[in-house]
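Have a look at the picture first, then read on.

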Amino acid sequence: MAHLHPCVPLLSGETVTGFCSRLAAIHKTTSVRTFFRYLGRRFTPIVFGQAVALDDLAELTGVSPAEIARSSSVRAAGHITHRGEVFPMTMSRRTRTFVCPRCLAEDGEHARRMPIEASYARMIWSLTPIRACPHHHVLLREIGGPIHASEAYDFSRAIWPHLPRMGEDADAAEEVPPSAAEAYLASRFEEHREASPLLDGMPWYAASRTCEAVGAAALFGPAVTLGSLALPEKRKAADVGFEIVHGGEPAVSRFLDDLLRKHYTREGPNDGPGAMYGILNHLLTRPTVDPGYAQLRDIVFRHALAAAPFGPGDVVVGLPVVHRRTHSVMTAAVEAGQHPHRLRKILIVEGIIPPDASRSGDEVFSAVLAAPILSRATKLLNLRAMAEHLQTTYSYAKMLATNGFIEPFKSDMVGEKLIRARFARADVDAFMGRLADGAVVHPRPERPLMDIPRAAKRTYCPMPDVIRMILDRELRWVGVDLDRAGFHAILVDADEILARVRGPEHDGFTMQTLRVRMKVGQRVIQALIAGDYLPQVMRLNPVNRHPDWIVLPETVDAFERTYVALSELAARWEVNAFKLKTDLDRRGVEPVIRRDQVGASFYLRDRLL
C-alpha cells in the first residue's frame, strides 16, 4: 500500500529517477531533490541504485521492490549496471535530456489530469548508442541543452516547459529507417531479447562499440575515427556493423579479408595491426586490453596471424604471439640468416612462393610449409652466436646446450666437443617458444616474479631444474616481460619454485645447535665429535640441498644419559666447579672423559646422580 498520496504507477521501461521526478511534479515541488528533502529523504542514493534507498522508495510508493530494482540503475566505479547489463557512465547522457516527441505526445493524450503525470522517461533514451525511437522510428530530440549536475535526472522538470508544443515537435520529428543495431541493444534490457551469438557473449557496451567500429571500418576504411562521423553516419555504421557481426565468426572473417584487400597495402616489415585494422585495433587495445572484447579479439588475432608475418615476440591486438603461422621473405631471411634475394630464389624453386613474387620481400606464405626448407637453409650458430641470439651470457648458453635443452644441429667430426658444436636458429627459437607457451604478459615484474637465472639463485634450485619445470608444465604461473627480449624475458614465481623444491626438514643437531643444547663451548663439541662420542651423519639441507653433517637426537640423548659434564654438576649442586673437581679427585672419582682430551670433564652419570 502506498504511503504517499497522490501517487503514480511505475510504467514499463521507465527509469526510477524519472518515476521520482513525476512524483515531484504531481506534488508541485520545484525539483525532485526538493521533493525528497520535504520527505526527509535524499535523492542521490536512488540515483546510485543503493538497495536501502530503493526499498524505502518501494514502501513509500506501494510499488513492489522487485519492480523498483528492475527499473533502477546501479552506479559504481565509473560504470552503470541496468538489468544485468554493464556500460560506462560515458554512454549515459546524464546532464542532457533526449526524448521521442511522438512518445511524449501519446503520453499526454492518455493523461487523466495533466500531461506531466503521464509523460515518463524511457531508460533507452538516456543511452548514447540509442539515437532513434524504436517504436516511432524518429530521431530522438534533445530538450534544452546540457544542465548542471545538480539538476540532472529530473526528467519532468526538464520537459515541463516543452510539453505544450510537444504535438508540433512530434509532427516535425525526423523519420529514419529502423535500426537493427539499436533494436538489438534495446532488446538486451528486455526478458525476450534478440539472439546474436557473437554479440551475446559481450557486455552491452562492448556490443555497441563493436557494431559501430566494424561498420565504420566497412563503410569508410580502417583509418576512420568515430569522432569524425556525423550522427546519421554513426547510425548507419552501427547497422552495417551489426549485420556483419550478427553473422558470427565466418561473416567477421570475410569482412576482415575484404578490409585488407580494399584498404591495406603492406609497406614494410614495420607494419603492424594498427596499419592493418585501424579503428578495430584501437577498439581492442585502447586504453587497455578489455576482456569484454575477448571473442572479437580472438577472431582478429587469428586473422592477423594468417594475413601477416607476425612471430614470437610480437603483440597483436593485445595478445602475445607464441607460434608463427606465416612468413614473409624478409622475416624468413632473418630467421634463416640468409640474404633475402638468395632465399627468395630458393623459395621459388621449392614452390613456396610464385615466380612473379614481389622482390620487396613482402610476399606472405605458410610458415609450416616453409619450415623444412628454412631449416636446411638456416645459418648455424656457435655457442657465442647462440648467446647473442638469446641475449644472454655465454655460460647460460652453454648450460642450455650441456643439459640437452637445445641439441646441436649437426656435427662434422666424431667426438666433437660441445664448444665447437653448431646450433640451428630454428631450434633455439623453438626452445624459446616452448618456454613462452601459455605465458602471461607481465611488464615491470616485481618480487617474487623474476627471470630464470635470478629465481634459480634465490631458491638454490639448479637452473636446469627450473627450466624442466617450465617445459613439463609443472609451474602454475609463467610470464613474459615484453620490455625484455630473449632468455631473460621469461618470468617465473620464485616463491612457487621454492615451495616445490624445499626438502623435508631434518631434526638433527648442527654443531651450533648442539653447543646451545649441551651448554659447552664449540671446541668441546668438535672434540667430542672427533673422539666419536657424538658420531655425525649426513643429511641434505632442506633449502639449498647441500649436505649437512648433523648429530641425531637419539645420539645426543644417549650421550646425556651416560655422561654428565662437570659444569652441569656444579650448577646442579650450586658449588664452584674447581672446588667440586678437587673434592671429586680427593674421593677418587675420576672423569671418564678428561679435560685434556676434549676440553671439558665428563663423569658417568649413574655414578654421581
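A polar contact is a pair of N or O atoms within 3.5 Å, and within protein one of them must be able to donate a hydrogen and the other to accept it. Keep that in mind, and remember that what you're looking at is a predicted model.

Let's start with Ser73, which sits in the loop between α5 (65-71) and β1 (74-76). Is Ser73 buried or exposed? Buried means under 20% relative accessible area. Ser73 has a relative accessibility of 8%, so it counts as buried. Its side chain makes a polar contact of 3.4 Å with the side chain of His82. Leaving out residues up to four places away in sequence, Ser73 also touches others, including Val47, Phe48, Gly49 and Met123.

Now follow His82 into its strand. Side chains in a regular strand alternate between the two faces of the sheet.

Who are the partners of β2? Strands of a sheet pair through backbone hydrogen bonds, in either a parallel or an antiparallel way. β1 and β2 run antiparallel and are joined by three bridges, with Ala76 paired to His79 in β2. The two strands make a hairpin with two residues between them, and Ala77 in that turn has a positive phi of about 55 degrees. Next along, β2 pairs with strand β3 (residues 85-88), antiparallel again, over four bridges. Here Thr81 has Val86 in β3 as its bridge partner. β2 and β3 also form a hairpin with two residues between them, and this time Arg83 in the turn has a positive phi of about 55 degrees.

Time to jump to another part of the chain. Four strands there build an open sheet with mixed pairing, in the order β12-β14-β15-β13. β12 (440-441) and β13 (449-451) stand at the edges with a single partner strand each, so one side of each has no neighbour in the sheet. The partner of β12 is strand β14 (residues 478-480): they pair in the parallel sense over two bridges, and Val440 stands opposite Gly479 in β14.

Helices pack here too. Helix α24 (residues 452-459) touches β13 and β15 (490-493), and its direction makes about 115 degrees with that of β13. Helix α26 (residues 494-501) lies across β13 and β15 as well, running at about 55 degrees to β15.

Terms used:
Residues are numbered from 1 along each chain as its sequence is written. This is a predicted model: local features need pLDDT of at least 70, side-chain atom pairs count only at pLDDT 80 or more; totals for chains, interfaces and linings use all residues. Side-chain values use heavy atoms; hydrogens and water are left out. Two strands pair if DSSP finds at least two bridges between them. Contact means heavy atoms within 4.5 Å. Axes are lines fitted to C-alpha atoms, for helices over the stretch in contact, and angles run from 0 to 180 degrees between N-to-C directions. Buried means under 20% relative accessible area, exposed over 50%, partly exposed in between (1.4 Å probe, protein chains only).
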